[in-house]
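Subject: Model for your files

Hello,

Here is the model I said I would pass on. My notes follow below it.

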Amino acid sequence: MKPDLFEAPDYYNIDDLLSDEHKLVRDAARDWVKRDVSPIIEEYAQKAEFPKQIINGLAEIGAFGPYIPEEYGGAGLDQISYGIIMQEIERGDSGVRSTASVQSSLVMYPIWKYGTEEQRQKYLPKLASGEWMGSFGLTEPDHGSNPAGMTTNFKDMGDHYLLNGAKLWISNSPFCNVAVVWAKNEEGRIHGLIVERGMEGFSTPETHNKWSLRASATGELIFQDVKVPKENLLPNKSGLGAPLGCLDSARYGIAWGAIGAAMDCYDTALRYSKERIQFGKPIAGFQLQQKKLAEMITEITKAQLLALRLGQLKNEDRATSAQISMAKRNNVDMAIKIAREARQMLGGMGITGEYSIMRHMMNLESVITYEGTHDIHLLITGLDITGINAFK
Ligand SMILES: Cc1cc2nc3c(=O)[nH]c(=O)nc-3n(C[C@H](O)[C@H](O)[C@H](O)COP(=O)(O)OP(=O)(O)OC[C@H]3O[C@@H](n4cnc5c(N)ncnc54)[C@H](O)[C@@H]3O)c2cc1C
């Protein structure tokens, strides 16, 4: 892979709107990605393996629980810092960002928000330091966009719960130490349970043959009469709103993360087009290529402003789920379109692992599908503005 020469585009001087802390957080994450992710990521994506050696670095830049209070080992940062960290990590690779998103928003967040003080003390510091890795089990083989239909269930056996069922497409599952699992009780109400590796009847087979997020481990969570201690139930929120609250936080991070992937594709294509000579001049001098680049930077700038405003609303605890859906949908769609255009600008070189673009493009096919598909987010906006549910 070529050396990482990334220079972040900032066409509207958005830096001026960031605090000194935001910039410090960003520079630390950016430097770390250049030093520890870019040199190895292509190799790991090619061999379809998560690079476990970067876990410590992710913890050091605050990627595990950026907004979780420091008393629980988190970085205690605001929502904009969280977004910036996700942007910088995804600039390197969406799979690495997925690992951080799951750990922060889908595992630490529910334990922090819905858990007991004992659960917070037991799990959060270990998850923040990366000593333990977590996964989040919501999707099932027969229930993806419609998680309310889930069949994974638990029964009250007096001194413990008995958990049965299966989850599919679970990021981090093959190596997770703990899983936050969503299951129905005997009354059909959804609750979160913390399941630990080593509990009898709990297995996590890996899903192979992915063409996307190859540097992120994906798998199943299988529960066959797993005895879960009663103290592992998250008591403070139940119903579908509980997992959806986690998804809001993760989707917000994705809205920022996708900008990182888009910036990397744009920056790579801009540099390549100024160096690549055809018909006696740099291809950047042809109107068709300039149209692509001009449209890319326009869309990136719009996405940056959308994410920043959403971050301000999140900081004030005013961002709605529908606003988050709009940003996730728009920014991922923006990134995947830029990746496709940028790949074409590199001609044949664009399909090789010498450049990051094709990897970003394939990764974004997962990002546009998980945490609510492109279509589902559109339906969320439609419901929000009309008041009419078009899901069914
Ligand atoms: C790499 C990867 C990692 C993932 N990680 C996790 C994880 O860590 N934890 C987890 O729980 N899940 C995870 N997921 C699962 C992901 O969230 C689901 O794939 C996603 O929600 C879509 O579900 P599905 O794949 O079953 O598609 P389906 O729900 O079967 O959808 C198929 C198509 O039908 C469309 N569709 C569905 N319903 C409607 C409707 N009402 N109206 C119009 N169109 C509709 C969808 O938009 C989509 O285009 C991951 C997925 C991938 C690919």
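In which helix is His 360 found? His 360 is in helix α9, residues 357-367; helices (H or I, at least four residues) and strands (E, at least two) are DSSP runs numbered from the N terminus.

Before the rest, the conventions. This is a predicted model, in which local features need pLDDT of at least 70 and side-chain atom pairs count only at pLDDT 80 or more, while totals for chains, interfaces and linings use all residues. Residues are numbered from 1 along each chain as its sequence is written, and side-chain values use heavy atoms, with hydrogens and water left out.

His 360 counts as buried because its relative accessibility is 0%; buried means under 20% relative accessible area, exposed over 50%, and partly exposed in between, with a 1.4 Å probe and protein chains only. Its side chain reaches the backbone oxygen of Arg 91 at 3.3 Å. That is a polar contact, meaning a pair of N or O atoms within 3.5 Å; within protein, one must be able to donate a hydrogen and the other to accept it, and residues adjacent in sequence count only if both atoms are side-chain atoms. Leaving aside neighbours within four places in sequence, His 360 is in contact (heavy atoms within 4.5 Å) with residues including Glu 90, Arg 91, Asp 93 and Asp 264.

Gln 119 lies in helix α5, residues 117-129. At 4% relative accessibility, Gln 119 also counts as buried. A polar atom of its side chain lies 2.9 Å from the backbone oxygen of Leu 233. With neighbours within four places in sequence left aside, the residues in contact with Gln 119 include Ile 111, Ile 194, Glu 231 and Pro 235.

Cores

The largest nonpolar core has 102 residues, of which Leu 58, Ile 89, Ile 111 and Trp 182 touch the most other members. Helix α6 (residues 241-275) supplies the largest share of this core, 17 residues. Another core, of 17 residues, lies apart from it, and Tyr 161, Ile 170, Val 181 and Met 199 are among its members. A nonpolar core here is a set of buried Ala, Val, Leu, Ile, Met, Phe, Trp, Tyr and Cys residues joined through side-chain atoms within 4.5 Å.

Strands

Strands β2 (residues 153-156) and β3 (residues 160-171) pair in the antiparallel sense over 4 bridges; pairing requires that DSSP finds at least two bridges between the strands. Asn 153 stands opposite Asn 164 in β3, and Asp 156 opposite Tyr 161. The hairpin has 3 residues between the strands, and Gly 158 takes a positive phi near 95 degrees in it. β3 also pairs with β7 (residues 218-229), antiparallel over 9 bridges, with Gly 165 opposite Phe 223.

Annotated regions

UniProt, in an unreviewed entry, lists "domain: Acyl-CoA dehydrogenase/oxidase N-terminal" at residues 19-131. Over that range the chain is 72% helix and 0% strand. The entry places "domain: Acyl-CoA dehydrogenase/oxidase C-terminal" at residues 238-380, where the chain is 75% helix and 3% strand. UniProt positions are in the numbering used here, feature names are shortened, and annotations may be inferred rather than shown by experiment.

Regards
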